[in-house]
Amino acid sequence: MISGYVIGESLRPGAVFQPQGLRLRKVARIDVSGSATDAQPQLWTLVEWEADGEDVAGLARAIADTLESADGWYADFTAGDERVVVFAGKVFRYRRGDEAGRAEAVAYGRTVGTPEHQLDWKE
(Lines give C-alpha, C1' and ligand atoms only; values in the text may rest on other atoms or scores of the structure.)
Protein backbone atom coordinates (compact mmCIF):
# COMPACT_ATOMS: atom_id res chain seq x y z
CA MET A 1 0.00 0.00 0.00
CA ILE A 2 1.11 3.54 -0.76
CA SER A 3 0.04 6.29 1.64
CA GLY A 4 0.87 9.93 2.08
CA TYR A 5 -0.38 13.46 2.11
CA VAL A 6 -0.17 16.67 0.18
CA ILE A 7 -0.76 20.17 1.49
CA GLY A 8 -3.45 21.81 -0.63
CA GLU A 9 -1.72 25.19 -0.54
CA SER A 10 1.46 23.63 -1.95
CA LEU A 11 -0.15 22.96 -5.34
CA ARG A 12 0.50 25.31 -8.24
CA PRO A 13 -2.51 27.39 -9.29
CA GLY A 14 -4.33 25.41 -11.96
CA ALA A 15 -2.58 22.14 -11.11
CA VAL A 16 -4.61 18.96 -10.76
CA PHE A 17 -3.39 16.02 -8.66
CA GLN A 18 -5.52 13.06 -9.74
CA PRO A 19 -3.55 9.83 -10.12
CA GLN A 20 -5.60 6.75 -11.00
CA GLY A 21 -6.62 4.61 -8.01
CA LEU A 22 -6.05 7.29 -5.39
CA ARG A 23 -8.39 7.17 -2.38
CA LEU A 24 -9.01 10.02 0.00
CA ARG A 25 -8.38 9.14 3.65
CA LYS A 26 -8.85 12.48 5.37
CA VAL A 27 -8.90 16.23 4.79
CA ALA A 28 -8.00 18.51 7.68
CA ARG A 29 -7.58 22.25 7.98
CA ILE A 30 -4.85 23.25 10.45
CA ASP A 31 -3.55 26.51 11.87
CA VAL A 32 0.21 26.73 11.35
CA SER A 33 0.54 30.41 12.21
CA GLY A 34 3.13 29.55 14.87
CA SER A 35 5.48 27.91 12.37
CA ALA A 36 4.62 29.24 8.90
CA THR A 37 7.05 31.58 7.23
CA ASP A 38 6.00 35.02 5.98
CA ALA A 39 5.69 33.56 2.46
CA GLN A 40 3.37 30.74 3.59
CA PRO A 41 -0.33 30.88 4.42
CA GLN A 42 -1.28 30.66 8.09
CA LEU A 43 -3.80 27.87 7.46
CA TRP A 44 -3.01 24.63 5.61
CA THR A 45 -5.26 21.97 4.15
CA LEU A 46 -3.79 18.48 4.68
CA VAL A 47 -5.07 15.92 2.20
CA GLU A 48 -4.23 12.36 3.28
CA TRP A 49 -4.52 9.67 0.60
CA GLU A 50 -3.72 6.05 -0.16
CA ALA A 51 -3.40 3.84 -3.22
CA ASP A 52 -3.00 0.12 -3.89
CA GLY A 53 -1.01 0.54 -7.09
CA GLU A 54 2.65 -0.26 -7.60
CA ASP A 55 3.53 2.74 -9.78
CA VAL A 56 5.54 4.63 -7.17
CA ALA A 57 7.55 6.51 -9.82
CA GLY A 58 4.38 7.60 -11.67
CA LEU A 59 2.77 8.82 -8.47
CA ALA A 60 5.92 10.72 -7.48
CA ARG A 61 6.05 12.36 -10.94
CA ALA A 62 2.38 13.34 -10.65
CA ILE A 63 3.10 15.11 -7.37
CA ALA A 64 6.33 16.70 -8.65
CA ASP A 65 4.41 18.08 -11.63
CA THR A 66 1.78 19.76 -9.46
CA LEU A 67 3.80 21.28 -6.60
CA GLU A 68 4.55 24.98 -6.42
CA SER A 69 8.29 25.53 -6.91
CA ALA A 70 8.51 28.65 -4.72
CA ASP A 71 9.16 28.39 -0.98
CA GLY A 72 10.37 24.79 -0.92
CA TRP A 73 7.03 23.00 -0.76
CA TYR A 74 7.24 19.21 -0.70
CA ALA A 75 5.05 16.15 -0.18
CA ASP A 76 6.04 12.74 1.08
CA PHE A 77 4.66 9.23 1.11
CA THR A 78 5.55 5.66 1.94
CA ALA A 79 5.42 2.62 -0.30
CA GLY A 80 6.26 -0.49 1.69
CA ASP A 81 9.62 0.15 3.34
CA GLU A 82 10.43 3.02 0.99
CA ARG A 83 10.11 6.73 1.81
CA VAL A 84 9.47 9.07 -1.13
CA VAL A 85 9.99 12.82 -0.72
CA VAL A 86 8.84 14.98 -3.63
CA PHE A 87 9.66 18.60 -4.42
CA ALA A 88 8.58 20.46 -7.55
CA GLY A 89 10.45 18.67 -10.34
CA LYS A 90 12.58 16.52 -8.00
CA VAL A 91 12.00 13.13 -6.35
CA PHE A 92 13.98 11.37 -3.62
CA ARG A 93 13.44 7.68 -2.87
CA TYR A 94 15.18 5.79 -0.09
CA ARG A 95 14.58 2.96 2.34
CA ARG A 96 13.11 4.10 5.62
CA GLY A 97 15.91 4.44 8.14
CA ASP A 98 18.52 5.27 5.46
CA GLU A 99 20.14 8.32 7.04
CA ALA A 100 22.20 9.18 3.93
CA GLY A 101 19.10 9.07 1.71
CA ARG A 102 17.18 11.26 4.12
CA ALA A 103 20.10 13.69 4.43
CA GLU A 104 20.22 14.10 0.64
CA ALA A 105 16.52 15.03 0.53
CA VAL A 106 16.89 17.40 3.51
CA ALA A 107 19.91 19.09 1.91
CA TYR A 108 17.96 19.61 -1.31
CA GLY A 109 15.04 21.06 0.65
CA ARG A 110 17.35 23.63 2.18
CA THR A 111 18.57 24.70 -1.29
CA VAL A 112 15.01 25.34 -2.50
CA GLY A 113 13.91 27.30 0.56
CA THR A 114 12.15 24.75 2.75
CA PRO A 115 12.30 26.12 6.30
CA GLU A 116 14.54 23.97 8.50
CA HIS A 117 11.78 23.17 11.00
CA GLN A 118 9.57 21.88 8.17
CA LEU A 119 12.10 19.29 7.01
CA ASP A 120 10.60 16.90 9.54
CA TRP A 121 8.84 14.11 7.67
CA LYS A 122 8.44 10.92 9.67
CA GLU A 123 10.31 7.75 8.84
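This is a predicted model: local features need pLDDT of at least 70, side-chain atom pairs count only at pLDDT 80 or more; totals for chains, interfaces and linings use all residues.
Residues are numbered from 1 along each chain as its sequence is written, and side-chain values use heavy atoms, leaving out hydrogens and water.

By pocket I mean an open set of points on a 1 Å grid over the protein atoms alone, where a 1.4 Å probe fits, with protein on both sides within 12 Å along at least five of seven lines; lining residues have an atom within 4 Å of a point. Volume is the space filled by probe spheres set on the points, which are joined across faces, edges and corners.

That second pocket's lining includes Ile-2, Pro-19, Leu-22, Asp-52 and Leu-59.

Now the largest pocket: about 490 Å³. It has 23 lining residues, with Tyr-5, Tyr-74, Asp-76, Asp-120 and Trp-121 nearest its centre. Strand 1 gives the most to that lining, four residues (strands are DSSP runs of E, at least two residues, and helices are H or I, at least four, numbered from the N terminus).

Back to Ile-2. Beyond neighbours within four places in sequence, Ile-2 is in contact (heavy atoms within 4.5 Å) with residues including Trp-49, Leu-59 and Phe-77. Ile-2 is also among the residues with the most contacts inside the largest nonpolar core, which has 15 residues. Such a core is a set of buried Ala, Val, Leu, Ile, Met, Phe, Trp, Tyr and Cys residues joined through side-chain atoms within 4.5 Å, buried being under 20% relative accessible area with a 1.4 Å probe, protein chains only. Helix 1 (56-64) is one of the elements giving it two or more residues, and supplies the largest share, five.

Key
Buried means under 20% relative accessible area, exposed over 50%, partly exposed in between (1.4 Å probe, protein chains only).
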